[in-house]
Structure formats: C-alpha cells, structure tokens
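Here is a short report for a reader new to this structure. Keep the sequence and the 3D view at hand while reading.

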Amino acid sequence: MQIVLEALIETGVGTSIKQLTVPMISPKLIPIPPREEQNRIVMKVKKLLGKIKEYDIKYSDINYLNELFPINLERSILQYALQGKLVKQDLNDEPALHLKEKIQLEKEQLIKDKVIKKDIPFLPISEEEIPFDIPSTWEWVRLGEICSINPRNSYDDEMDVGFIPMKLIEDGIVNKHTNEIRKWKEIKKGYTHFQEEDIVVAKITPCFENQKSAVIKNLPNGIGAGTTELFVFRPYSRGIEREYLLYIFKSSDFINGGKKSFTGTAGQQRVSKNYIENYLIPLPPHKEQTRIVQAIKDMMGLKERLQS
C-alpha cells in the first residue's frame with residue numbers, strides 16, 4: 001500500500017484527481033517475505049486494526065463522558081442540596097417553620113401598606129405532591145407564597161436605569177448578566193420590570209431549558225426592565241436567600257417540570273404561570289440556606305478544577 005501511495009505521489013498524472021497506469025507501477029520493487037511470514041504479517045495487521053478500532057470507540061466514549069460529566073455533576077450537586085444532603089443540619093438553627101410564619105407576617109404587612117395586592121389563597125400542600133423527603137427542620141412552601149411574581153416599578157422618567165435583553169443573561173449554572181443604561185421613560189412600557197436583587201428566569205424555550213436565570217445586580221439606581229420573556233421573583237422576606245432560590249430555578253427538577261407545563265406553538269413555547277406559582281420549594285432555615293449556597297459554589301469551583 002505504501003508503495004502504491006508513493007508511486008501515486010511521485011508519478012501519478014492529473015491535477016485534482018491523480019491516476020496511475022501499469023507502466024508507472026511495474027518498475028517498482030516490492031519486498032516479498034516467505035509465505036509463512038506473509039501470513040503472520042496479515043494476522044498481525046488485522047489484530048492491530050482491531051485494536052485501533054477498539055481504541056477509537058473507547059476514545060469516543062471518553063469524550064462523550066467528559067461532555068456529560070459536568071452536566072451530571074451539576075445536577076447531582078443541586079439535587080443533593082435541595083434534599084438537605086449537601087450540608088449538615090445545625091440543631092441550633094431556627095426551624096424553617098418560624099421563617100415561614102415570619103414570611104407570612106411580612107407579606108400581610110406589604111398588603112396592608114398597599115405595596116402588593118392580596119392574592120387568592122393557595123391550596124394546602126398534599127402528601128401526593130411532595131416529590132422527596134426533606135430534613136425535619138425544613139418546610140415545603142409554594143413559590144407564590146414566598147415571592148411576588150412580576151412586580152411593577154414606578155419611578156421618574158429621566159432616571160438612568162438598567163435594560164436587560166435576553167442575550168445579556170448567561171446560560172448555565174452561572175449567575176451572570178450585564179445591562180445597558182437607558183432612561184426609565186424609554187423602557188417602562190412594553191417590558192418586564194425588576195429591581196436590584198430580584199431573581200429573573202427565562203420562560204420561553206430554549207432559554208428556559210438553557211438555565212437563563214440570574215439574581216439581578218449592579219443596576220443603575222437599582223432599577224431596570226428587560227425582555228418580556230422573563231418571570232421576575234421578589235421574595236417577601238430577607239430570610240430567603242436569593243441565590244438559594246436561583247439554584248432551585250436551575251435544578252433539573254424545576255426545569256423538567258416546567259417543560260411539561262409548556263404552552264404555545266413549536267419554537268414559541270412558554271412555562272405556564274400556574275406551574276410557577278404552585279411549584280413546591282423545599283425551604284431550609286435561613287442560616288442553612290446560606291451554608292447551602294456556599295457549599296454549591298465550592299462544589300462548582302471543584303468541578304471547574306476537575307475539568308481543567
């Protein structure tokens with residue numbers, strides 16, 4: 001084979017497709033070993049070709065696993081965190097039941113101050129709805145019970161504010177976004193409102209599946225607006241860590257459930273608001289929320305080092 005290739009390179013005629021003739025090949029010398037050695041050479045080549053094919057398959061499998069490894073690791077970390085298995089419980093922490101009661105009191109005060117409107121009471125959580133066990137110090141709550149969803153802003157028209165189109169929110173497990181500076185009068189109508197430390201989550205496919213979500217930071221004057229394809233969450237209490245909720249929104253459990261609620265035509269499907277409002281949140285004590293967020297960050301840092 002090598003001789004033929006050399007002949008083609010040296011004496012082949014043609015430009016884009018080279019050809020050989022018999023006179024071109026016939027002068028070439030071919031080394032011929034004894035018949036028994038020819039058989040051994042053929043068997044060895046077949047064996048080596050088999051090994052090469054086996055290596056190629058394994059190499060492809062390894063590449064595939066390397067691609068899946070970060071994704072599966074992220075899913076496992078988040079799932080462990082939401083089940084209370086990522087950090088140890090501290091019996092000195094105030095139980096989440098007390099936090100749940102505080103949230104309700106703060107919500108009632110916001111209604112009294114006419115900051116938010118009184119909503120329709122949510123249905124009690126049934127045993128059939130609960131997807132997994134959580135620690136005894138935790139509580140199950142519906143998302144709509146602990147957050148105002150898509151609140152509105154009212155500010156001076158000439159105020160500099162932040163504008164965030166979908167492209168400025170990064171995909172994946174990261175919590176990153178940027179913003180453009182606009183006047184409030186330019187974006188107060190026809191866009192989704194938010195403010196500093198609100199949590200935004202894309203509601204349209206494929207942005208929702210791609211984990212386009214973030215805790216809003218560094219807005220001019222702490223105010224902004226953006227794409228209409230966002231859900232905005234503003235917790236009623238400081239006892240809820242924003243980044244803890246963000247990691248819930250990036251979890252496979254939340255995303256897979258949201259996909260099942262999709263409505264609309266192909267390419268324009270969106271998560272239903274009913275799914276969002278009634279989604280069950282495993283709520284730990286406030287101090288444990290903080291420890292969970294830090295543990296997730298540490299684990300994600302380790303994942304990056306392992307990939308490197």
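Ala-295 lies in helix 10, which spans residues 286-307. The model is predicted. Is Ala-295 buried or exposed? Its relative accessible area is 15%. Buried means under 20%, so Ala-295 counts as buried.

Which residues does Ala-295 touch, leaving out those up to four places away in sequence? They are Leu-86 and Val-87. Ile-77 is 218 residues from Ala-295 along the chain, yet their C-alpha atoms are separated by 9.3 Å.

Strand 3 covers residues 160-164 and runs antiparallel to strand 4. How many bridges join strand 3 to strand 4? There are four bridges. Asp-160 stands opposite Lys-183, a residue of strand 4.

## The nonpolar cores

In soluble globular proteins, nonpolar side chains tend to be buried together. Here the largest nonpolar core has 46 residues. Which of them touch the most other members? They are Leu-143, Ile-146, Phe-233, Leu-245, Phe-254 and Ile-276. Helix 7 (residues 242-249) gives this core its largest share, six residues.

Look at Leu-143 in more detail. Neighbours within four places in sequence are set aside here. A second core is separate and has 14 residues. Among them are Ile-164, Ile-169, Ile-204 and Ile-216.

## Cysteines and disulfides

A disulfide is a covalent bond between the sulfur atoms of two cysteines. How many disulfides does the structure hold? The count is zero.

Cys-147 has a relative accessibility of 2% and counts as buried. Cys-207 has a relative accessibility of 15% and also counts as buried. The cut-off behind both calls is under 20%.

How values were computed
Residues are numbered from 1 along each chain as its sequence is written. This is a predicted model: local features need pLDDT of at least 70, side-chain atom pairs count only at pLDDT 80 or more; totals for chains, interfaces and linings use all residues. Side-chain values use heavy atoms; hydrogens and water are left out. Helices (H or I, at least four residues) and strands (E, at least two) are DSSP runs, numbered from the N terminus. Buried means under 20% relative accessible area, exposed over 50%, partly exposed in between (1.4 Å probe, protein chains only). Contact means heavy atoms within 4.5 Å. Two strands pair if DSSP finds at least two bridges between them. A nonpolar core is a set of buried Ala, Val, Leu, Ile, Met, Phe, Trp, Tyr and Cys residues joined through side-chain atoms within 4.5 Å. A disulfide is a pair of cysteine sulfur atoms within 2.5 Å.
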